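Please read the following report alongside the sequence and the model.

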Amino acid sequence: METTKRATIYFDAHAHHISDMVNEAVQITLAEDADDLRDAEIRQTEESMDFEDFIGALRDSGRL
């Protein structure tokens, strides 16, 4: 079963600038998702840390 769907949006000629804005917003969102996926892949090998330990390490280093 296919889980993706295609959508096509048509605008009147005088509203074409809205189409450009929608395209730009979609491109920005997809680029952010690609960045998040890349970062998640890079961090897969990082050791996990409890939140309290993380905050303690930030305090100990003077960053918090």
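## Nonpolar surface

Ile9, Phe11, Ile18, Met21, Val22, Val26 and Leu30 make a nonpolar surface patch of about 600 Å², where a patch is made of residues with over 30% relative accessible area and no salt bridge, nonpolar side chains (Val, Leu, Ile, Met, Phe, Trp, Tyr) being joined within 5 Å and like charges within 9 Å. Accessible areas come from the Shrake-Rupley method with a 1.4 Å probe, and for residues only the protein chains shown count as cover.

## Basis of the model

This is a predicted model, in which local features need pLDDT of at least 70 and side-chain atom pairs count only at pLDDT 80 or more, whereas totals for chains, interfaces and linings use all residues. Residues are numbered from 1 along each chain as its sequence is written, and side-chain values use heavy atoms, with hydrogens and water left out.

## Overall form

The protein chain holds two helices and zero strands, these being DSSP runs numbered from the N terminus (helices H or I, at least four residues; strands E, at least two). Its radius of gyration is 21 Å, while a compact globule of 64 residues would have one near 11 Å; the radius is taken over C-alpha atoms, and the globule rule is 2.2 Å times the number of residues to the power 0.38. The C-alpha trace spans about 60 × 35 × 15 Å along its principal axes, and buried residues make up 6% of the 64 residues.

Asp33 lies in helix H1, and its C-alpha atom is separated by 31 Å from that of His14, 19 residues apart along the chain.

## Salt bridges

Across the whole structure there are three salt bridges, each defined as a side-chain nitrogen of Lys or Arg within 4 Å of a carboxyl oxygen of Asp or Glu. Glu46 and Arg43 meet in one of them (3.9 Å, N to O); Glu46 is partly exposed at 49% relative accessible area, and Arg43 is exposed at 55%.

Salt bridges that share partners join Asp35, Arg38 and Asp39 into one network. Arg38 and Asp35 both lie in helix H1, three residues apart, about one turn of the helix.

Key
Buried < 20%, exposed > 50% of the residue type's maximum accessible area, 1.4 Å probe, protein only.
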